[in-house]
Amino acid sequence: MLIGVISDSHDHKNNILKAVEIMNEKNVEALIHCGDYCSPFVKNWFDKLNTKIKENFHGVFGNNDGDHVFLRQNLGKICKLVENGYELIEEFDGKSIYASHMPKQKTIEALANSGKFDIVLSGHTHSMVNKKYANGVLVVNPGELCGYLTGNATFSIINTEKVEAEIIYI
């Protein structure tokens with residue numbers, strides 16, 4: 001299974017639309033957004049995802065997502081925003097996945113070393129991480145889709161069969 005992972009899109013319309021186009025072309029089957037969509041109107045751009053991805057679109061809130069109510073009402077039509085808002089624990093293709101916007105590095109390491117998850121996802125730092133631990137756990141921060149801080153607009157696609165991530169530059 002191919003899973004797209006986005007974080008820190010920060011209302012960047014063009015980069016969201018490019019990422020959506022790439023995921024549709026690559027036959028991605030699910031999408032996890034690690035927070036900081038920002039405005040509820042991003043639904044208009046993510047709505048261009050193919051039906052299969054929209055049926056498996058999951059997300060958590062980030063620290064810049066101010067209007068949780070309207071995000072749930074609007075983006076929530078196509079994205080399963082987690083109940084508690086901040087931590088996703090879900091199984092995809094037999095792989096246990098944890099996702100949160102801004103866990104501390106010690107928390108990420110503890111989750112990876114616990115062996116309870118196959119994949120640990122985060123965002124917030126706008127810095128890419130693509131690291132496989134000795135126990136086989138994959139830790140990914142897809143960087144920033146917006147490209148505002150680093151100048152690099154990125155997201156990732158995870159292959160659950162190989163438990164590997166590819167960083168995609170827009």
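Predicted model: local features only at pLDDT ≥ 70, side-chain atom pairs only at ≥ 80, totals over all residues.
Accessible area here comes from the Shrake-Rupley method with a 1.4 Å probe. With that settled, I looked up the total: the protein chain exposes about 7800 Å², and carbon and sulfur atoms supply 47% of it.

**Overall look.** I found 5 helices and 11 strands in the protein chain. Along the principal axes, the C-alpha atoms fill a box of roughly 40 × 30 × 30 Å. I then checked the radius of gyration: it is 14 Å, which agrees with the value near 15 Å that a compact globule of 170 residues would have. Buried residues make up 53% of the 170. Of the contacts between residues at least 6 apart in sequence, 60% join residues at least 24 apart.

**Charges.** I got 17 positive and 21 negative side chains. The centres of the two sets lie 0 Å apart.

**Strand β9.** Next I went to residues 138-142. How many of the 5 residues of β9 are buried? I got 5 of the 5, so β9 is largely enclosed by the rest of the structure. Side chains in a regular strand alternate between the two faces of the sheet. In β9, L138, V140 and P142 sit on one side, V139 and N141 on the other, and all are buried.

**Its partners.** Strand β7 (residues 119-121) pairs with β9 in the parallel sense over 3 bridges, and I119 stands opposite L138. Strand β8 (residues 128-132) pairs with β9 in the antiparallel sense over 5 bridges, with N130 opposite V140. β8 and β9 also form a hairpin with 5 residues between them. In that turn I spotted G136, which has a positive phi of about 90°.

Technical notes: Residues numbered from 1 in each chain as written. Heavy atoms only, no water. Helix = DSSP H or I, 4+ residues; strand = E, 2+ residues; numbered from the N terminus. Rg over C-alpha atoms; globule rule 2.2 N^0.38 Å. Buried < 20%, exposed > 50% of the residue type's maximum accessible area, 1.4 Å probe, protein only. Contact = heavy atoms within 4.5 Å. Lys, Arg positive; Asp, Glu negative; His and termini not counted. Charge placed at Lys NZ, Arg CZ, Asp CG, Glu CD. Pairing = 2+ DSSP bridges.
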